[in-house]
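Here are some questions and answers on how side chains pack together, written for someone meeting this structure for the first time.

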Amino acid sequence: MTGISGKAVAVAGASSGIGEATALHLAERGARLVLGARRAERLSGLVERIEKAGGEAVAVTMDVRRREDVVRLVATAQERFGRLDVLFSNAGSMAVSPFDELRVEDWESMVDVNVKGVLNGIAAALPVFRAQGAGHFVHTASTAAYKVVPNQAVYAATKTAVKVLTEGLRQEAGPNLRVTLVSPGFTNTEGIGKGGSPETAAALVAQRDAIAMPPEAIARAVAFAVEQPETVDVGEIVVRPTAQG
Ligand SMILES: NC(=O)c1ccc[n+]([C@@H]2O[C@H](COP(=O)([O-])OP(=O)(O)OC[C@H]3O[C@@H](n4cnc5c(N)ncnc54)[C@H](OP(=O)(O)O)[C@@H]3O)[C@@H](O)[C@H]2O)c1
């Protein structure tokens with residue numbers, strides 16, 4: 001299957017921000033969506049919007065930290081649409097803080113969601129993609145995977161891990177699977193400033209409000225990777241606001 005229309009796409013982290021914008025964009029272009037996240041009411045609202053616009057979507061309440069939940073996300077695509085063409089592992093936590101604050105629970109949660117969540121996606125979808133002889137992993141990293149700045153070391157480490165895992169997966173994927181890393185810079189979402197140290201969060205929110213790009217910028221980047229011919233693999237896309245240094 002080529003292009004976007006008709007593809008079954010599962011999005012982990014679809015209830016807001018980049019995941020929501022990408023789901024809407026791909027649905028507009030004819031993809032069939034499985035929408036995963038923890039906030040069930042946000043997901044059902046999104047399903048409603050997609051269906052009202054003539055698209056197809058189903059919600060799965062899930063937590064990427066639980067392997068069985070991610071397996072359920074993938075299985076829902078198979079049950080509802082007969083296959084899974086794309087897994088967009090986008091769920092993430094940006095609970096950033098200075099080391100001195102020792103917010104160890106935030107560190108653990110970023111490792112669990114950002115790194116283990118992506119690994120759970122690989123474990124759930126890889127056997128399905130192998131059996132189909134086709135499939136596309138799209139993972140959300142960050143410009144933090146390219147440039148570490150103070151107060152963001154743990155977050156940057158998790159996103160660097162996502163970048164490395166994605167490249168390793170690409171090398172092992174073989175000729176039939178595709179693997180794409182999408183790295184956003186400052187994007188205008190509710191995830192910025194959520195959790196972490198209040199001072200760091202406030203600084204990030206101020207920066208977001210000054211320079212961030214809309215999440216649709218990342219949705220278009222994901223669509224670009226998905227719509228390529230099956231033998232073309234877009235490995236990495238970095239998209240940042242022009243004002244970001
Ligand atoms: N905004 C930026 O500037 C920026 C820049 C670079 C990278 N990113 C990355 O982009 C991705 C999306 O973030 P965003 O900016 O769009 O923020 P967001 O609006 O907060 O979106 C985060 C999404 O992840 C989901 N999520 C979080 N923890 C989860 C869990 N344990 N299980 C399942 N879903 C979970 C959230 O849904 P629930 O809360 O409903 O579970 C939500 O749908 C993240 O990986 C983030 O690190 C963002």
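Q: Is tryptophan 107 buried, partly exposed or exposed?
A: In this predicted model, the relative accessibility of tryptophan 107 is 22%. Buried would mean under 20% and exposed over 50%, so tryptophan 107 counts as partly exposed.

Q: Is the pair of phenylalanine 99 and tryptophan 107 stacked or edge-to-face?
A: By the rule for ring centres within 6.5 Å, the count comes to two aromatic pairs. In the pair of phenylalanine 99 and tryptophan 107, the centres are 5.6 Å apart and the planes stand at 75°. Since an angle over 60 degrees is needed for this class, the pair is edge-to-face.

Q: How are the rings of phenylalanine 129 and phenylalanine 137 arranged?
A: Phenylalanine 129 and phenylalanine 137 are both buried. Their ring centres lie 4.9 Å apart with the planes at 70°, so this pair is edge-to-face.

Q: Which residue lies over the face of tyrosine 146?
A: A charge counts as over a ring when, among other conditions, it is within 6 Å of the ring centre. At 4.8 Å from the ring centre of tyrosine 146, the residue over its face is lysine 163.

Q: Which element gives the most to the largest nonpolar core?
A: The largest nonpolar core has 33 residues, and Leu33 and Leu35 have the most contacts inside it. Several elements each supply at least two of its residues, including β1 (8-12), α1 (17-28) and α7 (216-227). With seven residues, the element that gives the most is α7.

Definitions and conventions. Residues are numbered from 1 along each chain as its sequence is written. This is a predicted model: local features need pLDDT of at least 70, side-chain atom pairs count only at pLDDT 80 or more; totals for chains, interfaces and linings use all residues. Side-chain values use heavy atoms; hydrogens and water are left out. Rings of Phe, Tyr and Trp (its six-membered ring) pair if their centres lie within 6.5 Å; planes under 30 degrees apart count as stacked, over 60 as edge-to-face and the rest as tilted. Buried means under 20% relative accessible area, exposed over 50%, partly exposed in between (1.4 Å probe, protein chains only). A charge sits over a ring if NZ of Lys or CZ of Arg is within 6 Å of the ring centre and within 35 degrees of the ring normal. A nonpolar core is a set of buried Ala, Val, Leu, Ile, Met, Phe, Trp, Tyr and Cys residues joined through side-chain atoms within 4.5 Å. Helices (H or I, at least four residues) and strands (E, at least two) are DSSP runs, numbered from the N terminus.
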